[in-house]
Amino acid sequence: MPAVIDPPSLTDRNTQREPSVAAPHSPLAAQLPIDAARQQDVVSALRAVLPAHCVLWREEETRPYECDGLSMYRQLPMVVVLPETETQVVAVLRRCRELGVPVVARGAGTGLSGGALPHAEGVLLGMAKFNRIVAIDPLARTATVQPGVRNLAISEAAAPHGLYYAPDPSSQVACSIGGNIAENSGGVHCLKYGLTVHNVLRARVVTIDGEVVELGGLAPDAPGLDLLALYVGSEGMLGVLTEATVKLVPKPALARVIMASFATVEAAGDAVSAIISAGIIPAGLEMIDRKGVAMVEPFAKAGYDLEAAAILLCESDGTPEEVAEEVAHMQAVFEGAGATRLAVSRSEPERLRFWAGRKNAFPAAGRVSPDYYCMDGTIPRKRLGEVLTAIEAMQERYGLRCANVFHAGDGNLHPLILFDANDRDELARADAFGVEILELCVAVGGTVTGEHGVGIEKINQMCSQFSRDELDLFLAVKHAFDPPGLLNPEKLIPTLHRCAEYGRMHVRGGHLPFADLPRF
Amino acid sequence: MSNSEAIPPALRLFSEQIRAAGVDGRALAVGGGGTKAFYGNGLRAADAQALCLSAWRGIVSYEPSELVVVAKAGTPLVELEAALAERGQMLGFEPPHFGQQATIGGCVAAGLSGPRRMASGAVRDFVLGIEMLDGRGQLLRFGGQVMKNVAGYDIARLLAGSLGALGVLTEVSLKVLPRPLAQTTLALPMGQAQALAAFDQWAAQPLPISAAAWVDETAWIRLSGARAAVEGAVRALGKGVAPVEPALADGFWTSLREQTHPFFTLPSASASSSSPALWRLALPARCAPLAPPQEAGMAPATLIEWGGAQRWLQGGVEGAALRAWVAGLGGHATRFRSHHASADAVFSPLSGPLLTIHRRLKKAFDPHALFNPGRLHPEL
């Protein structure tokens, strides 16, 4: 490992205190121990402002919080705090600020990038008790909710009014709206209905100083800078959400899905482009490759074509007349693109059955493999075929199977790498396979994360996607909200030190950063 | 030593101008075609040097099948929209131009959306990525060309509507939408209260309404989408009234977007009244007809857009009383256009922790406070 020397030309922004090591930086690293003396100080301080049942510190009580949906990274938190009111959240943050204790917020813990991975010296702030739907206003088409409310629960509450909340990540039965806002979650329907950022009107946020700010509002175009857009997707690093108002949209009268089979992945990718070029914005447009189909079909029995190299699921929603017109148009496009088989759902149960395979890809993966690693990256749609071919080649090299299910409509890729975590070599190879896929995404003009977030998982890849100046500006934005750097530290934005260690520095236009740093 | 990407020669001049301004402590008035110059507070610095992007223009890439267009900031909006129209696509936020020289960079920086905003989204909803020069003259890129991108903080969307306060946009990547297959406008005679109630009722239904406005005792509804959906909606809402002839309809919506409709003409300034101004109100859904505080017994004239969420007031309006009243309704007011600058700030004030965050962000992007000082907020 080369010695890293910080050049003297660095600006003030990047001379923040290098945080003490927080948590394992790789799936193979061991968890960090808890400092018992410090733990008792923090517990006492928090028990002064919270009821006893809201403060957990014994290992058997904190163990359930040691990881989120990215279970290959685990770290016991020093203390778990489960507040019940905003006043308590304010008090917790103020105490933590006084004591210099890091705070990691957590919704349902379904996140896939380790965004809620605890800090060994920090508080894990569980917001699950904030599970109230405060108000549904059917005429204004808004829902005001607390962050612990499940995504699907919002739609369930809105259903009697013929409304629903559109962003539908596959984990929606479990994931929380607070987590969705932290990650700017998407889902199958985001091509037509937008990401979380397009569907949130207002966020009530508590800063590390314990001050409450309202971002956005019920009226459009709030004055000042668009801090709501900045907050959505900020991965728990700028403030803690205590309430949000989201948009509800009218539930379409009807939805139909077409299942189209293709003989090659290139043909399927071209068909996706053809749909968009035809001026159609489907309600959902998903692709599953042959390995994915083989994996999900025995489990979901959705009637997927096991012969196809790739299948597309393309949904149309709206009034019956709209859907009839649009489905006819989509079928014509798919036929023109060489679909080998076309099936259109004829009833709501059939439509749900067509989707069952795609939506149950994870449990299906669990049937065929002890573990799986779900990747998340986005690429320009036109590079789909090329990237899938490259992934096929990587499977040979890493000796691991990889099935691909994804949001073809917006090029958001979810390769599922199958492996056995008990085999340390397979774990290491799965990790490396994932890294190579992400680097490829960046290389073809995409991004390292489409919707799962950066968290801890992709923090190293941020060194490839961004220049040091850009990363420094991210740090400065973080500093504008959280000067002591206590909210979810060591996630999302890598420091210079980390990028240099990782070795993947950003080279753009042939200009090597820090050319005077010794390299071996 | 800079470690940012190598700056293309054409942008190096701007970068040097920014660095020099930082050394001199001299403000920079960032702009494109100057078509939004009327909008916002006056600059704090009287001797700001112009930094104009209008020569840095051209579509960099346009992929209709990806729904993405990338253009240099100085690209004329007319040129961009023509290129999109040729391929049957458009900007979903239907931006006002306010002049032939309007640029896409200025359009994004001003953050103004047109009649389609409530149906399709605002400017920032379509921003995928930007390239910008910050207050140190560094060239930075945020976002990209793909909608599904959550890497890092959303600085690209933050720049939309920032009125140049944080940096100089040099390139923008925008999501585009297909033009609707069918479009029809209805003009239905009704009073303000009835129109607002109708707009609220219709918005809760899956109707293909792309714009809803009210002026001169008439509600105007534009229906856009699949032919079957539009025809069905015409039957349901039209009450047997014939749709507006297409050219007239387009003319009407353009006159709202560009504020060439007679309603928007500012009365001439007179010595006896306070400076006439066009006020823009942004309101939550389901706000009743306006009864704003009146000045000297004169009721302000109203034009409603965005189904009620955006309303314009002309005449007989006193700023402070109006702001307090609008804030009570959960909205905010902007002194959008006037003949003369006034002591009144243009935008609703910011205070407390929110203002502190704004100050720190300004410092992060523009440490020497060079860019359009005072335009977005007196302190920024």
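Q: In which hand does H10(A) pass H8(B), left-handed or right-handed?
A: In this predicted model, H10(A) passes H8(B) in a right-handed crossing.

Q: At what angle do the axes of those two helices cross, and within what distance do they come?
A: The axes of H10(A), residues 320-336, and H8(B) cross at roughly 160° and come within 7 Å. Angles over 145 degrees count as roughly antiparallel, and H10(A) and H8(B) are therefore roughly antiparallel to each other.

Q: Which residues make that contact?
A: On the side of H10(A) they are A:Glu321, A:Glu322 and A:Glu325, and H8(B) contributes B:Arg227, B:Ala228, B:Ala229 and B:Gly232.

Q: And how do the residues of that contact divide by class?
A: Four are charged, two are nonpolar and one is polar.

Q: Moving to the whole interface, how many residues of chain B are in contact with chain A?
A: On chain B there are 68 such residues, in contact with 79 residues of chain A.

Q: Which elements of chain B give two or more residues to that side?
A: The helices are H5 (123-126), H6 (155-159), H7 (192-203), H8 (227-237) and H11 (352-365), and strand S7 (139-143) belongs to the list as well.

Q: Which of them gives the most?
A: That is H11(B), with seven residues.

Q: How does that side of chain B divide by class?
A: The side of chain B that touches chain A has 34 nonpolar, 21 polar and 13 charged residues.

Q: Now chain B by itself: how many helices and strands does it have?
A: Chain B has 16 strands and 11 helices. Its radius of gyration is 21 Å, close to the 21 Å that the globule rule gives for 380 residues, so chain B is as compact as a globular protein of that length. Along the principal axes, the C-alpha atoms of chain B fill a box of roughly 70 × 55 × 35 Å.

Q: What does the domain assignment give for chain B?
A: The assignment gives domain 1 (9-178 + 358-365), domain 2 (182-257) and domain 3 (267-338).

Q: How far apart are domain 1 and domain 2 of chain B, and how many residues are in contact?
A: Their C-alpha centres lie 32 Å apart. Six residues of domain 1 of chain B are in contact with seven residues of domain 2 of chain B. On the domain 1 side, three of the residues are nonpolar, two are charged and one is polar.

Q: Then chain A: how many helices and strands are there?
A: Chain A contains 17 helices and 19 strands. The radius of gyration of chain A is 23 Å, close to the 24 Å from the globule rule for 520 residues, so chain A is as compact as a globular protein of that length. The C-alpha atoms of chain A fill a box of roughly 65 × 60 × 45 Å along the principal axes.

Q: Which domains are assigned there?
A: For chain A the assignment gives domain 1 (24-126), domain 2 (133-250), domain 3 (255-362) and domain 4 (369-443). The C-alpha centres of domain 1 and domain 3 of chain A lie 43 Å apart.

Q: Last topic: how do H9(A) and H12(A) cross?
A: The axes of H9(A), residues 290-300, and H12(A), residues 361-368, come within 9 Å and cross at roughly 95°. That makes H9(A) roughly perpendicular to H12(A).

Q: Which residues meet there, and of what class are they?
A: From H9(A), A:Gly292, A:Met295, A:Val296, A:Phe299 and A:Ala300 meet A:Ala361, A:Pro363, A:Ala364, A:Ala365, A:Arg367 and A:Val368 of H12(A). By class, this contact has nine nonpolar, one polar and one charged residues.

How values were computed. Residues numbered from 1 in each chain as written. Chains lettered and ligands numbered in written order. Predicted model: local features only at pLDDT ≥ 70, side-chain atom pairs only at ≥ 80, totals over all residues. Contact = placed C-beta atoms within 7 Å. Helix = DSSP H or I, 4+ residues; strand = E, 2+ residues; numbered from the N terminus. Nonpolar A, V, L, I, M, F, W, Y, C, P; charged D, E, K, R; others polar. Axes fitted to C-alpha atoms, helices over the stretch in contact; angles between N-to-C directions. Parallel < 35°, antiparallel > 145°, perpendicular 65-115°, else oblique. Left-handed = near helix turned anticlockwise from the far one by under 90°. Domains from an automatic or database assignment. Rg over C-alpha atoms; globule rule 2.2 N^0.38 Å.
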